[in-house]
Amino acid sequence: MKINSKLAATTLPLLLASTITSAQTVDVKISNLTQAMFFTPLLVSAHDDSQHLFESGAVATAELTAMAEGGDISGLVTSSEALGALSVENPASGLLAPSTATMVSDFNTGTNGFLSITAMLLPTNDGFVGLDSWAIPEEVGTYTIFLNAYDAGTEANDEIVNGGDAVGVPGIPANPGGNGGTNGTGVTTNESNQNIHIHRGNIGDTDAAGGVSDVDSRIHRWLNPVAKVVVTVK
Amino acid sequence: MNFKKYLSIGFSVCSLVTLSACSDNDSSNVVDDDLAPEIITQSYELTLSNLSSNQPLSPLAVAIHGSSYSAWSIGEASSLGLEHLAESGDGTIFLTEATNAGAFTTAAGAGLILPGASETLGVETIVSDDLNLTVATMFVNTNDAFIGRQGLKLADLTLGEEMTFFLPIYDAGTEANSELAGTIPGPADGGEGFNAVRDDVNVVSRHPGVVTNEDGYADSILDSSHRFDAPGAKLVLKRTQ
């Protein structure tokens, strides 16, 4: 409640200031709140108000699709930095395991007033955790944000773990926890909402040797939020 | 805050009076011996409303403590008390752990809070600049789900002021979410509560939710009414004294 009022208080000055010119240094702590879902290498990006790594309700860019389907953030880094963004890539040095946290320290955001974060969720086909263009407060303090799980809308959620990490190739690249099944027949071949939307969750099954899905319905579930982000403006 | 400042000023005046009384026995200086230190307390009223579809809440466990105490943490193993609370709904050991860690006061709810129902209870604590509230209760129709908030700063509340919080749903990580008959203590099953074996990830996380026998898991003892999403409950906190 405190945070909301603080945010509301900072919204007005941000709107009034046409450009943020003062350099901000922030710490960003990202916690995976889930019990069994892994985050692929995270991208933490500071950019201006004209940019988005993703926008819910919109079609995913090719760069976002590569991140959401295969965990590859290189395209997002290149395209956003070309427009002046500053990036912190892969702060967890690999996967961010369930119920663990990683820290970005002393991130100088320069003149970029907005923060975005993405990482793919495993095991999913094209699920990702994301923060879209959060206005970095000018007031020194600690701010907490909770992030939801999104579906990029670019790949049918067949829930078959087959190593498919390239764009347009069906399937889930990996189940890092190794606690799922194999030989699933596939949940669906259809993706009804092809824009970025809130992920409906995995269906899964309890058949480790077959069934429709290679993920476990009891384990590879989540409720929003899936991540907690604590930003300290210094 | 203002109230507290007023109190501490009051204390200073009292001690000055007492000191002067000690050093000066002039009988014209009227000193009331009843000014001897009196325990000053602050009181709060908590109202918890169960927002779930069909998850009765176990008797509420409440602790007011200093900021150094944390009853659970994402990614850390549950304490034994939290395991008991989350698997069986018995918060006794959970509250004892808080007391042993220096909590100013603890309180327990009167009984189950049924879906749609609310319970109000009062707690009284000593005055301190560092009062933090933790509440926890089990979703009893689960293996080891609990809902709670911790470290709510009571200093933010002035006398008569109310604040509303919503409670997320956690998984104690101490018992696999098997949903099998015999493993769930609530009315959906009437099965086992606490079991010392930890056959799950053994760290606290947000709860992933339940599958149920109406969503493709035939062996589950739970039905669609037992599904849930966050928040699990609403907490209204009011300072009454």
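User: What should I know about the model and its numbering before we start?
Analyst: Residues are numbered from 1 along each chain as its sequence is written, and chains are lettered from A and ligands numbered from 1 in the order in which they are written. The model is predicted, so local features need pLDDT of at least 70 and side-chain atom pairs count only at pLDDT 80 or more, while totals for chains, interfaces and linings use all residues.

User: How many helices and strands are there in chain B?
Analyst: Chain B has 3 helices and 10 strands. Helices (H or I, at least four residues) and strands (E, at least two) are DSSP runs, numbered from the N terminus.

User: What pattern do they follow along the sequence?
Analyst: The pattern in chain B is α-β-β-α-α-β-β-β-β-β-β-β-β.

User: Which strands make up the open sheet of 6?
Analyst: Its order is β3-β2-β5-β6-β8-β9 in chain B, with antiparallel pairing. Two strands pair if DSSP finds at least two bridges between them. The edges are held by β3 (105-108) and β9 of chain B, each with a single partner strand, so one side of each is left without a neighbour in the sheet.

User: How do β5 and β6 of chain B pair?
Analyst: Strand β5 (residues 132-138) and strand β6 (residues 145-153) of chain B are antiparallel over 6 bridges. A hairpin of 6 residues joins β5(B) to β6(B). Within this pair, L133(B) stands opposite L152(B), and N132(B) has K153(B) as its bridge partner.

User: And on to β8(B), how many bridges are there from β6(B)?
Analyst: β6(B) and β8(B) pair in the antiparallel sense over 3 bridges. There, F146(B) stands opposite Y170(B) in β8(B).

User: Which strands are in the open sheet of 4?
Analyst: That sheet of chain B has the order β4-β1-β10-β7, again with antiparallel pairing. β4 (118-126) and β7 (162-167) of chain B are at the edges, each with a single partner strand, so one side of each is left without a neighbour in the sheet. On average, neighbouring strands of this sheet are turned by 20° against each other, direction ignored. Strand β1 (residues 41-50) of chain B pairs with β4(B) in the antiparallel sense over 9 bridges, and L48(B) has E119(B) as its bridge partner in β4(B).

User: Turning to the helices, where does α3 of chain B lie?
Analyst: Helix α3 (residues 92-100) of chain B lies across β2 (61-65), β3 and β5 of chain B, and it runs at about 5° to β2(B). Axes are lines fitted to C-alpha atoms, for helices over the stretch in contact, and angles run from 0 to 180 degrees between N-to-C directions. Two residues are in contact if their C-beta atoms, placed from the backbone, lie within 7 Å.

User: Is α2 of chain B mostly covered or mostly open?
Analyst: Helix α2 (residues 80-88) of chain B is mostly covered, with 7 of its 9 residues buried. A residue is buried if 20 or more other C-beta atoms lie within 10 Å of its own, exposed if 12 or fewer, and partly exposed in between; C-beta atoms are placed from the backbone. Among the buried residues of α2(B) are L82(B), L85(B) and A86(B). The cover over the buried residues of α2(B) includes β2, α3, β5 and β6 of chain B. After α2(B) comes G89(B), whose phi is positive, near 85°.

User: What share of chain B is buried overall?
Analyst: Buried residues make up 40% of the 241 residues in chain B.

User: Which residues have the most contacts inside the largest nonpolar core?
Analyst: They are F128(A), V129(A) and F146(B), in a core of 90 residues. A nonpolar core is a set of buried Ala, Val, Leu, Ile, Met, Phe, Trp, Tyr and Cys residues joined through C-beta atoms within 7 Å. Strand β6 (residues 114-122) of chain A gives this core its largest share, 7 residues.

User: How many residues meet where the two chains touch?
Analyst: The contact takes 21 residues from chain B and 18 residues from chain A. On the side of chain B that touches chain A, β8 (169-171) and β9 (205-206) of chain B each supply at least two residues.
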